[in-house]
Amino acid sequence: MPYPPVPFAPEFVPILEIVAPAGAPVPGPEDIAAMRAGASGFVQPVADVIAGRAVDAEDRVVPGPAGQPDITVTILSPAGHRDRLAAGGPAVPGLLNIHGGGMISGERGMDTARLVELVLALGVVAVNVEYRLAPEHPDPAPVEDCYAGLLFLAGAAAELGVDPERLVVMGGSAGGGLAAGVALLARDRGGPALAGQLLLCPMIDDRNETVSSHQYTGIGTWTRELNLLGWSSLLGPAAGGDDPVSPYAAPARAEDLSGLPPAFIEAGSAELFRDENVAYASRIWAAGGNAELHVWAGGIHGFDVYAPDSELAAAAIASRLSWFRRVLGL
Amino acid sequence: MNVADYEPVPPVPYDPELVPALAGFLDLVERIPLRADTIQVNREHFATIVPPLEQLLEGRRIHVEHRRVPGPAGDPEVEVTILRPEPAVPDAAGIYLIHGGGMMLGTRFFGIDEVFDLVENDGVVAVSVEYRLAPEHPDPAPVEDCYAGLVWMAGAAAELGIDPQRILVSGTSAGGGLSAGVALLARDRRGPALVGQLLNAPMIDNSNDTVSARQYDGIGAWDRNNNDTGWNALLGERRFTASVSPYAAPARASDLSGLPPAYIEVGAAEVFRSEAVDYATRIWATGGQAELHVWGGAFHGFAGFAAGTTVADAADAVRSGWIRRVLGL
């Protein structure tokens, strides 16, 4: 094999045997519907995820991109936050969350558990955005929907009890890529100021030319084959080619990474996105920008989602919280 | 190439919480610019800032022993300090410590307190090695002394009560570079098995010409000028030739496969950032295991000099977690 993979940490091997058995057939566009159904199967109602903990939830339909349909968001707040606000209580930081699923699958409810934990740990308000998926809605629909979600969060800051100086955009996998794209859009359009961008194993490079993009061919929770399917669904024939690709869709294509909010970039060492994530951090630093990078040994793609009770997930989540406290002044 | 030939590269800014700690570091450690003609006065100054071992160990249930052990073939013996838990535990994990100081400064007691908790609470046996320093003893003296100490430790595993399959080599700065060099030597000479290599802000690239080296030229802790002094002292006239040993400058190694799992930690705002990231990336490309943590806005040596800050506490917790995983604690 020309690209021996970095081995998976032993604690993930039994999980991989269940969720990503070796020898699975190469996925194609015809499998996207089943992928979506599979992702939906893991989504629980918000109230069940909150399970009586001190978090308020509200769904709302808010404006989408100009001339495009409205988008739906779920707003998660510390319980009683708006009552306290009405009584003169302080605004809190706000998060815009973007779910993953390779640009072709998934829904915002996948991330409710992660966000409830953040609301409880940090006392923040989280806005979880539903965006249109490829291939029915190719680029720029997904990233523009997400950006519209950011505009809603920033515009409704006073009503939501959010401090507009402390907004963070975040997401995992495709959601991490879209979060990076939203940060680039916010910079280039003079949009809402961001205090940070939390990019968890972000999908940012449509070219699939890195070493790690080859190392996880046919293995792992997000394979080279799935990645090619995701990018071709989002970008069509432009994916991976010499024709221009929007940097807001594939942030690794951005020529200028200066002037971005502080980035937190996390990946597993045993995943496809490792090298593009490390390169993105390196290019931010080279521009004099602020980034923190964590590459966890043997981590599979999305290890904290697939194995929330693993040692590595606990360490990774603690590191995220530390970064949030630093960039948000908590 | 002259430094002035480059476009200025803006540095990554410091974490605001670390700014006072950086000022403290510069005032305490880097009071005297480190140049070829100030190495000796810097050594004398360094000696005043490293507390005596007895003072560091006060109140600890740790047994201390100093020993002379065989050096490299034909060279003097090397001195090591052995820290053991009291009472001893059987089949202990071992940590082999290599101190920092730019290849020119420091003793085996510099930073040794980093392992006290592991020895006292987790039953680890630590060995810290005194290696010869450049420029009086240029490459390969430092790395060969370090390797000789490791060979001794592995050979004495039974006597020391160490499980020879659980020895970790660990160092910071120059000690991180020497740790990487020792891991390469152990691989190439079929020497002691290592369970891991902990490379904290490692000094591994003699070119001193990376993006981050250019960003911290004249600013920060262990800036590009200090680093030049270190590499010149270690390698002399060989520094910019093809004959630089990969054991002295591990970034020069052409093959990074077959190495023990690496833990590579560095600050985002320091000279060694680029070479540390590159070393991890090259290990992964061979299918090797490495964990990489680049801490936002952190200066060289922040972990040891900014205790109590949010970022240093996070770095300590993550490093400790990795040590526990690789040593099976």
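Biologist: How many of the 8 residues of strand β2 of chain A are buried?
Modeller: This is a predicted model. Strand β2(A) covers residues 71-78. The rest of the structure largely encloses this strand, because most of its 8 residues count as buried: 6.

Biologist: Which residue of β2(A) is the bridge partner of A:Asp56?
Modeller: Strand β1 of chain A, residues 55-62, runs antiparallel to β2(A). The two are joined by 8 bridges. A:Asp56 has its partner in β2(A), and that residue is A:Ser77.

Biologist: Which residue of β4(A) is the bridge partner of A:Ile75?
Modeller: β2(A) is also joined to strand β4 of chain A, residues 125-129. These two run antiparallel, with 4 bridges. A:Ile75 finds its partner in β4(A) at A:Val127.

Biologist: Now to the two chains. Which element gives the most to the side of chain A that touches chain B?
Modeller: The contact takes 34 residues from chain A and 33 residues from chain B. On the side of chain A, α9 (211-215), α11 (274-286), β8 (291-296) and α13 each supply at least two residues. With 8 residues, the element that gives the most is α13(A).

Biologist: How many residues on that side of chain A are nonpolar?
Modeller: The side of chain A that touches chain B includes 10 polar residues and 6 charged ones. The nonpolar residues number 18.

Biologist: How many residues of the contact of α13(A) with α12(B) are charged?
Modeller: Among the residues making this contact are A:Glu311, A:Arg325 and A:Arg326 of α13(A), and B:Arg325 of α12(B). The contact also holds 6 nonpolar and 4 polar residues. The charged ones number 4.

Biologist: Which residue of β8(B) is the bridge partner of A:His294?
Modeller: β8(A) pairs with strand β8 of chain B, residues 290-295. The pairing is antiparallel, over 3 bridges. In β8(B), the partner of A:His294 is B:His293.

Biologist: What ipTM does the predictor give the complex?
Modeller: For chain B, the mean pLDDT is 96, and 98% of its residues reach 70 or more. For the complex, the predictor gives a pTM of 0.98 and an ipTM of 0.98.

Definitions and conventions
Residues numbered from 1 in each chain as written. Chains lettered and ligands numbered in written order. Predicted model: local features only at pLDDT ≥ 70, side-chain atom pairs only at ≥ 80, totals over all residues. Contact = placed C-beta atoms within 7 Å. Nonpolar A, V, L, I, M, F, W, Y, C, P; charged D, E, K, R; others polar. Buried ≥ 20, exposed ≤ 12 C-beta atoms within 10 Å, placed from the backbone. Pairing = 2+ DSSP bridges. pLDDT = per-residue confidence, 0-100.
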